[in-house]
Amino acid sequence: MNALYVICGVGVFALLAEVLNLKKWISNIALAGLIAAIAWIVFDWRSVSYRFQGMMYFDHVALAFTALILIVTFFWFWMAKDFFSSDEHITEKSALVLFVVAGAIMMVAFNNMAILFLGLEILSISLYVLAGSNKLSLFSTEASFKYFLMGSFATGFLLFGITLVYGATGSFNISVISNPAQGMMSVATATQGIPRFYFIGMLLMMVGLAFKISAVPFHLWAPDVYEGSPTPVTTFMLTVVKIAAFSAFVKIFSVTFSKYAPTLQLLEQGIMVATLVVANIAAVAQSNVKRMLAYSGVAQVGYLLLAFSSDSAKSAGIIFYYLAAYSAATLLAFTVIKIVEAQRGSASADKFKGLFKSNPLVGVAMAIAMFSLAGIPPLAGFFGKYLVFTLSVGSHFVGLTVLAVITSLIGVYYYFKPVVAMAQAGENKLSVSVPDRYLLILLMAINILIGIFPDLIRVI
Amino acid sequence: MLTVVLIVLPFVAALLALRLPQQLAGRVAFLAALAELIVSVVVLFHFDKTGGLQFVFDKHWIDSLGISFSVGIDGISLLLVLLTTVLTPGIILTAWGDTSKPSSYFSLILAMQAALVGVFVAQDGFLFYLFWEMALIPIYFICLNWGGENRGKITLKFFIYTLTGSLLMLVALILLYVKTPGTHTFAIQALYEAGRSMDLPHQTFVFATMFLAFAIKMPVFPFHTWQPDTYTVAPVQGTMLLSAIMLKMGIYGVIRWLIPMVPLAVKEWGMIAIILSVIGIVYASCIAWVQKDFKRLVAYSSIAHVGLISAGTLTLNETGMQGAIIQMISHGVIVFGMFYIVEIVSARTHTREMNQLGGIRNVAPILATAFSVIMLGSVALPFTSGFVGEFLLINSLVHYQLWLGVVAGLTMILSVVYMFRAFQKTMLGETNTLTASVGDLTRQERFVLYPIVILIVLIGIYPQPLLDISATAVKNLLSVYLDVRFL
């Protein structure tokens, strides 16, 4: 909870930095703020607390997801130094990023539908602006506009869902909603049982959140938005935003609507199968690595959904691990993409040619990132997939697991495209700045380390 | 503890070699491989032939999931570890002085060795899977970075093919894991128990997925289509690693992880697997017959020989199993020598087209002699190592089913046909302009090939020590089939 205060404080401070002439220091201040927030979480780890009259609830699950978001943001600030190097709008951009983080924390720790909605909106509106922050690029503007339209549409669904559920139960509070029979307010519902629009509301919320986690068939905005946005913003959306959206999804459908988990299971499995199949096949056709990773970001949601739909009660820890592993690999991949894009003009696969010879460090980093995303041992991504498969096989969904295995083989095909390109004879050497070099090494170490010793981060 | 040394030593050496300049890296890699060989020989001398699993090291690794770092060596493991440690120094030596191979190349070979040894000694399902996959990564990069034409596509096909099998195997292992009692575990004995207690449909699923993984690795017809391309496109050290050692992972998998795990399904479906293997023998031999490319010919011959091993293994009798094990060793040694001969010839003439070669014997007699011995081993002439294994295997197949044995026996005849044809086309005949300048074996090449030739003859004349090493382990593994519950 204190972490949220810190982040909001740093965000407001970032806005004021322009006035105080501290522009140059902003990203360092943000890094310091993030460290302070993470430290506070470590300090708060054992506590369980309700805040704001029970509207927010911090238990170790919420704290763990918050910590994950903060750590990923920390690395993101490190990676995205260039994003803040141009003179324009440094303060606005960094403040917006910090507000996204604040919104993300609210989505992780909400105990009340109003807070969920607030968090989601704080996060989304900041992102609409960030997506369009490269004003001179047509694609960036397109991304921003598309994201805004589709995002508002999804928010509409979610809000309508919340309203209907509120109508049925008379409360925004999760614990009341999860027990509709006791919480009912109106006389009509008390006599006639749970009204039908309670379930309609539940489904509408699923649609709204499926948009946000970009599950098929609600993913159509994702590739264009991810490709068009500036690369650092894409990274941010693929990692932090995905963590927040998915943890909200988990909380809604495994805690709030836990009573209806068996009914929802089939629906979730339908979405999961569609996500795995469509996203993985669509990714095969991409030649731009950034767009390919956009589809991969959708595809990875499929594996998360496989875990979640198999046994939602047991899945939180696995989803946490998977998201951490996925974020580590994505950050690593995008650090490389950023370097390549800046110096070779674009991120299409043939721009990666020759990297193994000219820049072994960058080449190996990209290979590790791709291998981890593809789920090759002993990297973190493999262990994530392994945990997912264990849960789904343990819940007797062997057929679905085999399907997931087949789609992850398709995944290998496209993840290996840049790897194959890197082995070909290619262009001249890239120059890699010292902070980038350290970041690459550190992220590689993380990808390997949490793969070999997964218990290090299996905190929930 | 020695087992852990066997895994860790090449791995540490691999990291070390990465930081050294090319010349030195080759030397250090070779020394490390020699040290590894010495350790494995020490293990051999301390090995108790009558005992079961020895040199056990068992430590909890990921406690919450019942995964432990559990390794140990029994007779079967020991022979395959020895095969790995004997051949790796040779493989490294063949890359010496090749300036196109930087230090990372040696590093990858050593990493490969660590993973291969790991596969052969793992006593924990998860660990086995981990090493199984980790063996794939170095070889993938060896082929990708230093392979021939069109390597990107071919190596990717190879990777996806093998990964298909292994991911399905992972699902099977997880299925067994969730069937273990209590807080689940991956310990091999617990997995055996879990597998044996399953009903036939479940066992069939496990059998199908795991056999697919192993069949792709070996490869057994019709899962072999990645193999000729990959063998041909890989640099010679890669081909040696793939054919001499890595494909043994598949057969080892059948022996260690399939046969004792799901006895009902092996009894039920083993026949089909044997028939596939036998089809593969004849099919691959016929294709080898018409090959124009020397390296491809050897690649196809490898499919034929491995088909016989896989068929013999699944007959589930002691003769077949022992034959399979000795033939694994023999095939590893022979195919290593064979690919090296191919490499020597093609490096000097810059072609692998057999029609363009000829008359090499006139200019390089030692090369031709070495080739002839290796070839005789390959066609299973008595008093060569190939004969012992193939005789035992065909013997067991005849006992299993007469006609299958007869068809499988064709391998001896067919291999003579294509191998002698290759020998004739390359070594005999008139020396032409291309082959006139072929020099005889250099000292480095002799240093590699002489031990191979000696080994082929030695194992052929006196195979008993090798058979003794694996006898107890084979009995232990097959004991489940003597248990009335499973008959």
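Where in chain B is the place of Pro219(B)? Pro219(B) sits in the loop between α9 (200-217) and α10 (227-233) of chain B. Keep that loop in mind. We will come back to it. One caution before we go on: this is a predicted model.

Let's take chain B as a whole. Chain B has 21 helices and two strands. Along the principal axes, the C-alpha atoms of chain B fill a box of roughly 70 × 55 × 45 Å. How much of chain B is made up of buried residues? The share is 60% of the 487 residues. Now contacts. Take those in chain B with a separation of 6 or more. Of these, 80% come from residues 24 or more positions apart.

Next, the two strands. Strand β1 (residues 54-62) of chain B pairs with β2(B) in the antiparallel sense, over six bridges. Is strand β2 (residues 67-73) of chain B mostly covered or mostly uncovered? Mostly covered: five of its seven residues are buried. The hairpin of β1(B) and β2(B) has four residues between the strands. In that hairpin, Gly66(B) takes a positive phi near 65°.

A word on backbone angles. Most residues other than glycine have a negative phi, and most peptide bonds are trans. Here are some exceptions.

Start with phi. Phe52(A) is not a glycine, yet its phi is positive, about 50°. Look for Phe52(A) in the loop between β1 (49-51) and β2 (56-58) of chain A. Is Phe52(A) buried or exposed? It counts as exposed, because it has 11 C-beta neighbours inside 10 Å, and the cut-off for exposed is 12 or fewer.

Phe383(B) also has a positive phi, about 75°, although it is not a glycine. Phe383(B) lies in the loop between α16 (365-378) and α17 (385-400) of chain B. With 13 other C-beta atoms within 10 Å, Phe383(B) is partly exposed.

Now the peptide bonds, and back to our opening loop. Met218(B) and Pro219(B) are joined by a cis peptide bond, with omega about -5°. Chain A has a cis bond to show as well. It joins Val216(A) and Pro217(A), and omega is about 5°. Pro217(A) is in the loop between α10 (196-212) and α11 (222-228) of chain A.

One more residue in chain B: Leu441(B). It is found in the loop between α19 (433-436) and α20 (443-461) of chain B. Leu441(B) counts as partly exposed, because it has 19 C-beta neighbours inside 10 Å, and buried needs 20 or more. Which residues does Leu441(B) contact, leaving aside its neighbours within four places in sequence? They are Ile366(B), Leu367(B), Arg446(B) and Leu449(B). Leu200(B) is another matter. It is 241 residues from Leu441(B) along the chain, and their C-alpha atoms are separated by 56 Å.

Last, where the chains meet. 23 residues of chain A are in contact with 22 residues of chain B. On the chain A side, the elements giving two or more residues are α18 (380-394) and α19 (398-423). Which element gives the most to that side? It is α19(A), with 11 residues. The residues on this side of chain A divide into 16 nonpolar, five polar and two charged.

Terms used. Residues numbered from 1 in each chain as written. Chains lettered and ligands numbered in written order. Predicted model: local features only at pLDDT ≥ 70, side-chain atom pairs only at ≥ 80, totals over all residues. Pairing = 2+ DSSP bridges. Contact = placed C-beta atoms within 7 Å. Nonpolar A, V, L, I, M, F, W, Y, C, P; charged D, E, K, R; others polar.
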